[in-house]
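Please read this briefing alongside the sequence and the model.

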Amino acid sequence: MNDKIWLSSPHMGGAEQKYVNEAFDTNWIAPLGPHVDGFEQDLAAYTKTKHAAALSSGTAALHLALIMLGVKAGDEVICQSMTFSASANPIAYLGAVPVFVDSERETWNMCPDLLREAIKARFATGKKPKAIIPVHLYGMPAQMDRILEVAKEYDIPVIEDAAEALGSSINGRAMGSFGILGVLSFNGNKIITTSGGGALISENEDHIKKSRFLATQARDAAPHYQHTEIGYNYRMSNVCAAIGRGQMEVLDQHIENRRANFNFYKSAFAGISGVSFLEEPEGYRSNRWLSTILVDPELTSGITREDIRLGLEKDNIETRPLWKPMHLQPVFENSPFYGNGVAEELFKNGLCLPSGSNLTQNDLSRVANGIKKLFA
Ligand SMILES: *Cc1c(COP(=O)(O)O)cnc(C)c1O
């Protein structure tokens, strides 16, 4: 059996170990410490935002972001349907209701026209949505200019789920820095990892300070433990932040490698009709966290994305269908949805290919040959 090729596996650069050793040598093995401060500064500098809070996960970051915007039980929050469940779950944690919006075809992210339609429809029921959560899927930026325009028109704040898009940008401006708050993730399969972790980035110092406060059990300033608010245990540990500092040194290289994976697949499948790629709109730069293809069985003489997935699985190669939209998830079946069929079609025909920044040329060739064999 050939070695396993993973969809997206952790890729250490080298300096991580040094920073972790530093944490051990100084006995900073706590959910605060110099590496946490340093990592926050690295993130703010990289995304050109003023402030960052390092947290235990991207999900925790989203949860705190919603709390910052005052989301409470019974409120409605608009969320992209085509995404990972972690974009929507924190809405439910608060007893609020997610309202799902479908995607457009240019970026596969929240459709600004359907967003407007959804807001109008919710206003008509007497409810003003409390927040809008667009997602930059697989690293491709959503159409932020148009989404922000609609959000401004109706005076609704935007939380950007940039968990998959660290290092992506529109006209040089970092994803995560467009909304009131931006969410990042450093889970094991993301473009950089702290083994598990996340962050909030923002221009708003109050939001970031308050998030750090709530993330450390909402301890009031007192020698004893005193609390006037419900807190959370959501802070990143100094050991994880040490890994993160090392990863920041190789982030740009990871992006180059992932973009090279995408270009490799694109040229490898250039002659195959029915297999298509998502291109970057002008001014958009994707970190190409995952390389994805769409497979149109009408043009491939019947070969489906599932045929490709199962074919590659036989050669020990991991691929995965695109995210199953939230409006099709049993757990969210009672949530309102404003759609046009795009997300459903993407789910039906889309496949994520192995995309790690540590793939070898041999790995990439195995994937390409595996797919070409199916089309031979
Ligand atoms: C990974 C991810 C998250 C959650 O981040 P965790 O750090 O795993 O909690 C949220 N949204 C999207 C779109 C993600 O891909």
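The notes below cover domains, cores, the ligand site and selected loop residues.

This is a predicted model: local features need pLDDT of at least 70, side-chain atom pairs count only at pLDDT 80 or more, and totals for chains, interfaces and linings use all residues. Residues are numbered from 1 along each chain as its sequence is written, and side-chain values use heavy atoms, with hydrogens and water left out.

**Domains**

- The protein chain is divided into domain 1 (16-248) and domain 2 (251-375); domain bounds come from an automatic or database domain assignment.
- The C-alpha centres of domain 1 and domain 2 are 25 Å apart.
- Domain 1 puts 48 residues into the contact, and domain 2 puts in 39 residues. Contact means heavy atoms within 4.5 Å.

**Nonpolar cores**

- A nonpolar core is a set of buried Ala, Val, Leu, Ile, Met, Phe, Trp, Tyr and Cys residues joined through side-chain atoms within 4.5 Å. Buried means under 20% relative accessible area, exposed over 50%, and partly exposed in between (1.4 Å probe, protein chains only).
- The largest nonpolar core has 61 residues, and Ile 78, Ile 132, Tyr 138 and Phe 186 touch the most other members.
- This core lies between domain 1 (16-248) and domain 2 (251-375), because both give residues to it.
- A second, separate core has 31 residues, including Val 77, Ile 91, Ile 133 and Met 326.
- Beyond its neighbours within four places in sequence, Phe 186 is in contact with residues including Phe 39, Leu 43, Leu 166, Ile 192 and Met 236.

**Ligand site**

- There are 15 residues around the ligand, and Thr 59, Asp 161, Glu 164, Ser 185 and Lys 190 come nearest. A residue counts as near if one of its heavy atoms lies within 4 Å.
- An N or O atom in the side chain of Asp 161 is 2.7 Å from a nitrogen atom of the ligand. A polar contact is a pair of N or O atoms within 3.5 Å; within protein, one must be able to donate a hydrogen and the other to accept it, and residues adjacent in sequence count only if both atoms are side-chain atoms.
- Asn 187 has a polar side-chain atom 2.9 Å from an oxygen atom of the ligand.
- Gly 197 uses its backbone: an N or O atom there lies 3.4 Å from an oxygen atom of the ligand.
- The ligand taken alone exposes 380 Å², and the protein buries 94% of that. Accessible areas come from the Shrake-Rupley method with a 1.4 Å probe; for residues, only the protein chains shown count as cover.

**Loop between S8 and S9**

- Thr 193 sits in the loop between strand S8 (181-185) and strand S9 (198-202). Helices (H or I, at least four residues) and strands (E, at least two) are DSSP runs, numbered from the N terminus.
- Thr 193 is buried, at 3% relative accessible area.
- A polar side-chain atom of Thr 193 is 2.9 Å from the backbone oxygen of Phe 186.
- The Thr 193 side chain also reaches the backbone nitrogen of Gly 188, at 3.5 Å.
- Gly 197 belongs to the loop between S8 and S9 and is buried, with a relative accessible area of 5%.
- Not counting residues up to four places away in sequence, Gly 197 touches Leu 55, Ser 56, Ser 57, Gly 58, Ser 185, Phe 186, Asn 187 and Met 236.

**Loop between H7 and H8**

- Asn 233 is in the loop between helix H7 (205-215) and helix H8 (238-248) and is exposed at 56% relative accessibility.
- Leaving aside neighbours within four places in sequence, Asn 233 is in contact with Ser 56, Ala 215 and Gln 217.
- Gln 217 is found in the loop between H7 and H8 and is partly exposed at 37% relative accessibility.
- Gln 217 is not a glycine, yet has a positive phi of about 70°.

**Other loop positions**

- Asn 109 lies in the loop between strand S3 (97-101) and helix H5 (112-124) and is buried at 0% relative accessibility.
- A polar side-chain atom of Asn 109 lies 2.8 Å from the backbone oxygen of Met 140.
- Asp 155 is in the loop between helix H6 (144-153) and strand S5 (159-161) and is exposed, with a relative accessible area of 56%.
- Asp 155 has a positive phi of about 60°, although it is not a glycine.
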